Amino acid sequence: MRGVQGIAKWAALLALLLTAPEAVAAHAAIQPVQHGDATWQVAGAAVMDLLASHDTPAQCEATLATLRDQAMDEHGGQAFAQLVLGGVYLSGLHCGDFVIRRDLQQAALFLSNAAVHGNSLAMAAMAELELQQGHALSANVWAQLYVHYGVLKDNPMRQGYAASLLHRALPLLASGQKKTLLSDVNAFLANYNAAIESGMQHARRTAAKVPAACRIIPVDPHALHRLFRPMRDLPRSGLALYLVGVDARGEVRTVAPILSLPTTRTQRRLRNVAENWRAQPAPQCDSALRYGLLPSLYDDQRYALQDKG
């Protein structure tokens, strides 16, 4: 299997310390909302209201119930619902009197399923979650999977955060665990690579179904926001995933975080970067807001990936 062979050379990844770092914040490619048979506009608006706590407690509870149903739906859309639910349980949610408390077990349940359905950011979230719980081997397995699917196959711009993640995870392995890491990663791929690849293909097909007049196309897909100094309250590279609502002029009107890695501090500090992201105008779109998933990266450029295979 190509995926099994592809991961082997990254089993000995090291984080390489660079000199004279210049902090950078950037965005990966935006993805349209996926939500089963619901239209992308309706799904995005409902989830935005939930995450931003704009709804009444009863409405929030109803939206959460719908997401749970979608998370179990094998006909498509489940990865998005699983990702949102995983993020909700990872951070907790307050919607008036309706409160979802942080629950790492539920977060792991939904995030691991989102990962198996092809969401690479859920793999990174699983690595961070396992690190928080002191599970060094499983954290490293998820970190290696994130490098394989989220960086090499998806977006090389994510390598700064990936290297930082590996720099934190690899030293925690016991000597015996270092010997089993590669075999554990390849065993996972042997079982789930087909499902992951299928999920990624489904996401691409979903993106293609969005009407051309309403697609969210960045003004500059390779834009980097260079920072004159590292963010002092962000001690390491990080990644935040936002749900954004973009108007006809291409301006971001609503923002709500779904994931914040490695801590909630990342999404708070990168929110301004997400709010200032711009898409191409879409005057012919009949929707007031177009909804999509916007990954934002903070790279302090202290570490980079190095192939030691």
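**View 1. The Cys214–Cys285 disulfide of the predicted model is right-handed, with 105 degrees about the S-S bond.** This is a predicted model, in which local features need pLDDT of at least 70 and side-chain atom pairs count only at pLDDT 80 or more, while totals for chains, interfaces and linings use all residues. Residues are numbered from 1 along each chain as its sequence is written, and side-chain values use heavy atoms, with hydrogens and water left out. The sulfur atoms of Cys214 and Cys285 are 2.1 Å apart; a disulfide here is a pair of cysteine sulfur atoms within 2.5 Å. The bond connects distant parts of the chain, 71 residues apart: Cys214 is in the loop between helix H9 (175-209) and strand E6 (224-226), and Cys285 is in the loop between H10 and E9. Helices (H or I, at least four residues) and strands (E, at least two) are DSSP runs, numbered from the N terminus. Cys214 counts as buried because its relative accessibility is 5%, and Cys285 is buried at 10%. Buried means under 20% relative accessible area, exposed over 50%, and partly exposed in between (1.4 Å probe, protein chains only).

**View 2. A disulfide between Cys60 and Cys95 has its sulfur atoms 2.0 Å apart.** This link is right-handed, with 60 degrees about the S-S bond. The whole structure contains two disulfides, and with the bonded cysteines numbered in sequence order the pairing is 1-2, 3-4.

**View 3. The largest nonpolar core has 74 residues.** Such a core is a set of buried Ala, Val, Leu, Ile, Met, Phe, Trp, Tyr and Cys residues joined through side-chain atoms within 4.5 Å. Leu83, Leu111, Leu145, Tyr146, Ile258 and Leu259 have the most contacts inside it. Helix H7 (residues 136-152) gives the most to this core, contributing 11 residues. Another core lies apart from the largest one and has 14 residues, including Ile216, Ala240, Ala279 and Tyr298. Residues up to four places away in sequence aside, Leu145 touches Met123, Gly150, Val185, Phe188 and Leu189; contact means heavy atoms within 4.5 Å.

**View 4. Leu129 in helix H6 (residues 120-132).** Leu129 counts as buried because its relative accessibility is 1%. Neighbours within four places in sequence aside, the contacts of Leu129 are Leu90, Leu104, Ala107 and Ala108.

**View 5. A cis peptide bond runs from Leu261 to Pro262.** Its omega is near 5 degrees. Pro262 sits in the loop between strand E8 (252-261) and helix H10 (264-275).

**View 6. Ser53 has a positive phi, near 55 degrees, and is not a glycine.** Ser53 occupies the loop between helix H2 (40-51) and helix H3 (57-71). With a relative accessibility of 30%, Ser53 counts as partly exposed.

**View 7. Gln301, also not a glycine, has a positive phi of about 60 degrees.** The loop that holds Gln301 is between strand E9 (290-299) and strand E10 (303-306). Gln301 counts as partly exposed, at 25% relative accessibility.
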